[in-house]
Amino acid sequence: MTTISKGVACYVRVSTVGQNEAGQRAEIERWLTGNGINPTSVKWFTDKGKSGDNLKRPGFENLQSAIFSGDVGTVCVYKLDRLSRKLHEGIEVLHDWCERKLRVVSVSQQIDFNGAIGKMLAAVLLGIAEMEQETRRERQAAGIAVAKKTGKYTGRKPGTTKAKPERARMLKEKGLKVEEIAASLKVSRNTVFRYLREPGDSRSKPSPTN
């Protein structure tokens, strides 16, 4: 059984609002239980619909505040790229945490990041995560370029969006916040902003009620 003097913080991030964080949470809870830690005794920090391309996320910022205040001794994540998909940012975060003597655990990779070896492993894994992200984007861009060259790419067809911009504007007019609209339509905040920026179509607007 593992003895931990300070609190345990668990961080979960999903990149789109529609994704379910239950899988990540279940794996972290399994690790906690296996190490004699009651999952109900830890503090959970969650970011939904947030990209790993930057660190400006409410859940992550709250985690950092708890760490800076000295309340956290161990940070558990499902996978290292849940913290960041950017090599330099991820290394800076882990370096700072290791300097603060934090224990950082990636449960799916079965690695504890502490000390010099932990930081070295973290650099390798973060580098791989960033490379995978860039490769995915390059493949998508290459596919679009080929489709355009052969005349097969026409962009997104009307009606194929996850939720119509008109619906987003209607919810905005009712006073809903961007986060609430995103949750309702099961899209990201950036998609909501894009919907709200798009010009309205009078043909698709509902007729006023008497």
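This is a predicted model: local features need pLDDT of at least 70, side-chain atom pairs count only at pLDDT 80 or more; totals for chains, interfaces and linings use all residues.
1. What share of the 210 residues in the chain is buried? The answer is 36%.

2. The average pLDDT for the chain is 77, with 67% of the residues scoring at least 70. The stretch to watch is residues 201-210, where pLDDT stays under 50. For that stretch the model has 5 contacts beyond four places in sequence.

3. On to the fold. There are 7 helices and 5 strands in the chain, and going along the sequence they come in the pattern β-α-β-α-β-α-β-β-α-α-α-α. Looking at contacts with a separation of 6 or more, 67% of them are between residues 24 or more positions apart.

4. Helix α6 covers residues 178-185 and helix α7 covers residues 189-197. Their axes sit 9 Å apart, and the packing angle is about 100°. An angle from 65 to 115 degrees counts as roughly perpendicular, so α6 is roughly perpendicular to α7.

5. Who makes that contact? From α6 it's Val-178, Glu-179, Ile-181, Ala-182 and Leu-185; from α7 it's Arg-189, Val-192, Phe-193 and Tyr-195. Sorted by type, the residues where α6 meets α7 come out as 7 nonpolar, 2 charged and no polar.

Conventions
Residues are numbered from 1 along each chain as its sequence is written. Side-chain values use heavy atoms; hydrogens and water are left out. pLDDT is the predictor's confidence in each residue, from 0 to 100. Contact means heavy atoms within 4.5 Å. Helices (H or I, at least four residues) and strands (E, at least two) are DSSP runs, numbered from the N terminus. Buried means under 20% relative accessible area, exposed over 50%, partly exposed in between (1.4 Å probe, protein chains only). Axes are lines fitted to C-alpha atoms, for helices over the stretch in contact, and angles run from 0 to 180 degrees between N-to-C directions. Angles under 35 degrees count as roughly parallel, over 145 as roughly antiparallel, 65 to 115 as roughly perpendicular and the rest as oblique. Ala, Val, Leu, Ile, Met, Phe, Trp, Tyr, Cys and Pro count as nonpolar, Asp, Glu, Lys and Arg as charged, and the others, Gly among them, as polar.
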